[in-house]
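Trainee: I'd like to learn how to read helix packing, symmetry and DNA contacts in a model like this. Could we go through it together?

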There are 2 protein chains.
Amino acid sequence: MPPKKTPKRHPRASHRSVSLKQLADRLGLSPATVSVVINRSPVADTISQETKKLILSAARKFNYRPNFFARSLRMQRSLTIGVIVPEVSDGYATMVLSGIEDHLLQAGYFYFVASHRHRADLIDEYPRLFLDRAVDGIIAVDTPWHHRLRVPVVTVSGHNEAPGVVNVVLDHELAANLAINHLVGLGHRNIAFIKGQAFSSDTEVRWNAILKATAQLGICVSPKLTVQLEGDEASPILGYNVTTALVKSQQPFTAIFAFNDISAMGAIRALRESGLRVPEDVSVVGFDDIQSAAYQNPSLTTVRQPLRKMGTIAAETVLRGIRPASARPGAKEITVAPELVVRETTCALGCEEL
Amino acid sequence: MPPKKTPKRHPRASHRSVSLKQLADRLGLSPATVSVVINRSPVADTISQETKKLILSAARKFNYRPNFFARSLRMQRSLTIGVIVPEVSDGYATMVLSGIEDHLLQAGYFYFVASHRHRADLIDEYPRLFLDRAVDGIIAVDTPWHHRLRVPVVTVSGHNEAPGVVNVVLDHELAANLAINHLVGLGHRNIAFIKGQAFSSDTEVRWNAILKATAQLGICVSPKLTVQLEGDEASPILGYNVTTALVKSQQPFTAIFAFNDISAMGAIRALRESGLRVPEDVSVVGFDDIQSAAYQNPSLTTVRQPLRKMGTIAAETVLRGIRPASARPGAKEITVAPELVVRETTCALGCEEL
DNA sequence: AATCGAAGCTAAAACGATTTAACTCCCCCA
DNA sequence: TGGGGGAGTTAAATCGTTTTAGCTTCGATT
């Protein structure tokens with residue numbers, strides 16, 4: 001008597017849900033038929049109504065869930081997007097993420113998040129890992145980008161003209177104009193500037209926009225009133241430090257235009273500690289309009305970036321890139337408009353409100 | 001002459017990377033051998049050194065990357081964790097996420113994020129979608145949890161005793177003690193409380209802890225000085241609203257213990273607008289110690305939750321649950337300790353600093 | 001009576017890995 | 001001469017789908 005050859009089942013296979021083949025067996029049909037009906041493929045047009053009903057109701061009854069890997073393997077698509085950000089726990093990235101998520105999940109996609117914390121090796125490695133995971137597309141938020149990949153790539157605030165990538169960017173010229181006009185309109189002439197870190201992809205474009213805007217208005221940008229953030233953390237301490245240095249330098253100024261809200265907060269604290277009042281002695285304009293900007297004390301005047309919207313646009317764009325329907329190229333850059341939000345940290349030169 | 005039967009290749013198959021089989025063909029070996037060597041499986045022990053070298057160098061040369069789906073399909077594991085949070089763009093969740101990410105990526109896992117925005121249908125649906133995607137485990141952050149799933153589940157700040165799930169929670173009794181002791185030590189007796197929204201999983205436990213702590217100190221908790229946040233947004237406006245109402249009610253109080261930093265910020269603004277100074281007239285204690293707490297003006301005294309650490313622990317725990325090595329059950333609850341961070345929004349009753 | 005076409009369904013080949021149970025040599029020893 | 005055993009390798013099944021190119025039937029048309 002030959003030994004009974006019980007085929008070894010996979011360890012976890014026991015309580016797994018029913019497979020397509022099992023379903024087909026139960027119905028006395030072939031997997032092909034079941035597959036075709038369940039996916040509402042055009043081939044199913046010739047399947048009789050009766051059979052279709054049977055299949056669909058059986059699928060419901062046995063709670064059939066298609067195996068994701070089998071399907072992805074066959075279809076060569078993962079319905080997954082990789083998102084790379086500098087840091088998950090900072091306001092900028094999470095706002096964008098929130099917009100990205102909105103759109104992706106609605107479209108039936110999921111996404112991986114990876115944060116590189118400005119480490120060059122990770123900036124290189126994560127996109128590769130994403131590809132190993134067979135993502136259908138990649139969104140890079142505020143992250144330098146040089147790769148050329150075989151999936152669509154969209155950056156948010158990326159300014160490299162990499163081939164095949166679409167950049168979703170703020171209209172920095174408008175942003176600079178809004179802020180500078182506001183300050184100049186209030187009578188400010190000696191304006192200090194806090195530039196972003198060298199690694200931040202917006203730093204350079206924004207700075208150029210500022211130079212252009214000030215030039216147009218005949219405002220001089222003094223190098224002595226220009227400081228630059230340094231350091232990786234997303235903490236107000238960076239703005240605090242440079243502003244303290246600025247005050248110590250004794251150069252007179254009546255306004256600060258900060259690179260972002262976080263540094264503006266640090267700046268305000270530094271000014272306070274130096275005995276300067278905000279906004280009576282120094283007006284401060286932030287950038288981004290993160291959640292807490294409105295609830296600072298005083299509340300922060302700032303240039304709002306529509307971050308959620310930028311995320312949504314990025315998601316739409318990357319998905320559009322996946323459908324090979326529309327020709328790939330399209331626009332290389334999508335620009336969104338900022339908005340000036342005037343709150344309490346700016347006032348007319350010499351004002352003494354309160 | 002029979003028509004040449006060129007097997008139709010898949011659309012995108014062209015520039016895809018080399019497969020295991022192709023690699024094996026090039027080497028004149030079988031896929032089995034190559035697989036075994038590349039995965040350093042025990043079976044490979046009997047493969048000659050020479051062959052191994054050949055295989056590994058060929059793999060490098062042709063930049064072989066195993067197909068993720070094929071592997072997952074076979075191995076029944078995805079190296080992916082699903083994380084569900086109320087909202088990606090809020091400080092609490094992102095801090096936890098940051099800790100989760102740290103650990104998961106190091107361990108070779110990726111994670112999906114989905115935010116339910118307190119919609120009951122999504123709280124139900126996302127875990128299902130995660131399972132459809134064959135995640136190996138789920139982490140639920142500040143999210144009510146009732147399911148019993150076939151993968152390990154870890155909650156952060158979950159307080160339901162669902163079977164098979166591990167809860168990572170703060171020691172709320174300690175937290176309440178720290179805060180109340182601090183205030184009482186400063187002479188405060190009439191303390192107002194801002195309770196969390198009903199849907200927040202910490203609300204109830206924290207409240208009970210507060211009742212216990214006050215009872216121990218003989219402090220009376222007046223219902224008239226107790227307000228509750230309402231609304232979904234993660235905005236200070238919620239705290240602002242209830243505090244405004246509190247002030248209007250004319251009940252005397254000299255301190256507020258808020259449910260979180262966000263509502264504390266709103267509370268401070270409301271107090272200010274009512275002509276009350278913080279901390280001279282009213283001391284305020286927040287909760288969480290989110291990034292911006294230290295940079296409020298005045299900076300916020302608060303109870304710090306080690307959110308990143310909680311995330312890391314959650315990640316560790318869920319991965320431990322996946323390895324079937326260690327027996328599944330283990331502790332049902334892992335407690336972490338809060339820490340009181342005294343800053344500028346609290347001072348002794350009757351103080352007039354500045 | 002042979003042919004055609006439509007209707008309804010399916011066989012079988014992918015997709016790209018992992019894994020178990022052999023299988024082939026070849027040497028050595030009785 | 002036979003066979004035991006190790007070293008080195010692999011055939012083939014499996015994971016669960018999708019999809020293309022047919023395969024049956026059967027009634028209708030020439």
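Trainee: Which residues in α2(B) meet which residues in α3(B)?

Mentor: B:Val34, B:Val37 and B:Ile38 in α2(B) meet B:Lys52, B:Ile55, B:Leu56 and B:Ala59 in α3(B). Contact here means C-beta atoms, placed from the backbone, within 7 Å. The contact has six nonpolar, no polar and one charged residues. Ala, Val, Leu, Ile, Met, Phe, Trp, Tyr, Cys and Pro count as nonpolar, Asp, Glu, Lys and Arg as charged, and the others, Gly among them, as polar.
This is a predicted model: local features need pLDDT of at least 70, side-chain atom pairs count only at pLDDT 80 or more, and totals for chains, interfaces and linings use all residues. Residues are numbered from 1 along each chain as its sequence is written, while chains are lettered from A and ligands numbered from 1 in the order in which they are written.

Trainee: At what angle do the axes of α2(B) and α3 of chain B cross?

Mentor: Two packed helices are described by the angle between their axes and the distance between the axes. The axes of α2(B) and α3 (residues 49-61) of chain B cross at roughly 85° and come within 10 Å. α2(B) is therefore roughly perpendicular to α3(B), a label for angles of 65 to 115 degrees. Axes are lines fitted to C-alpha atoms, for helices over the stretch in contact, with angles from 0 to 180 degrees between N-to-C directions. Helices (H or I, at least four residues) and strands (E, at least two) are DSSP runs, numbered from the N terminus.

Trainee: How do the axes of α1(A) and α2(A) cross?

Mentor: They cross at roughly 110° and come within 8 Å, so α1(A) and α2(A) are roughly perpendicular too. From α1(A), A:Leu20, A:Lys21, A:Leu23, A:Ala24 and A:Leu27 make the contact with A:Pro31, A:Val34 and A:Ser35 of α2(A). By class, that contact has six nonpolar, one polar and one charged residues.

Trainee: How are chain A and chain B superposed?

Mentor: A rotation of 180° with 0.0 Å of shift along its axis does it, with an RMSD of 0.1 Å. The two copies are thus related as by a two-fold rotation axis.

Trainee: How many residues does the contact take from each chain?

Mentor: Chain A gives 37 residues and chain B gives 37 residues. On the side of chain A that touches chain B, α4, α5 (91-106), β2 (110-115) and α10 (261-273) each give two or more residues. That side divides into 18 nonpolar, 12 polar and seven charged residues. The copies meet through the same surface, because 100% of the interface residues of chain A are also interface residues in chain B.

Trainee: How many residues surround DNA strand D, and how many surround DNA strand C?

Mentor: A residue is near a strand if its C-beta atom, placed from the backbone, lies within 6 Å of it. DNA strand D is surrounded by 35 residues, the closest being A:Leu20, A:Ala32, A:Asn67, A:Ala70 and B:Ala32. α4(A) gives the most to this surface, five residues, and its classes are 18 nonpolar, 11 polar and six charged.
DNA strand C has 34 residues around it, with B:Ser19, B:Leu20, B:Ala32, B:Asn67 and B:Ala70 the closest. Here α4(B) gives the most, with five residues, and the classes are 17 nonpolar, 11 polar and six charged.

Definitions and conventions
Copies are superposed by least squares on the C-alpha atoms of residues with pLDDT of at least 70 in both. Two residues are in contact if their C-beta atoms, placed from the backbone, lie within 7 Å. Angles under 35 degrees count as roughly parallel, over 145 as roughly antiparallel, 65 to 115 as roughly perpendicular and the rest as oblique.
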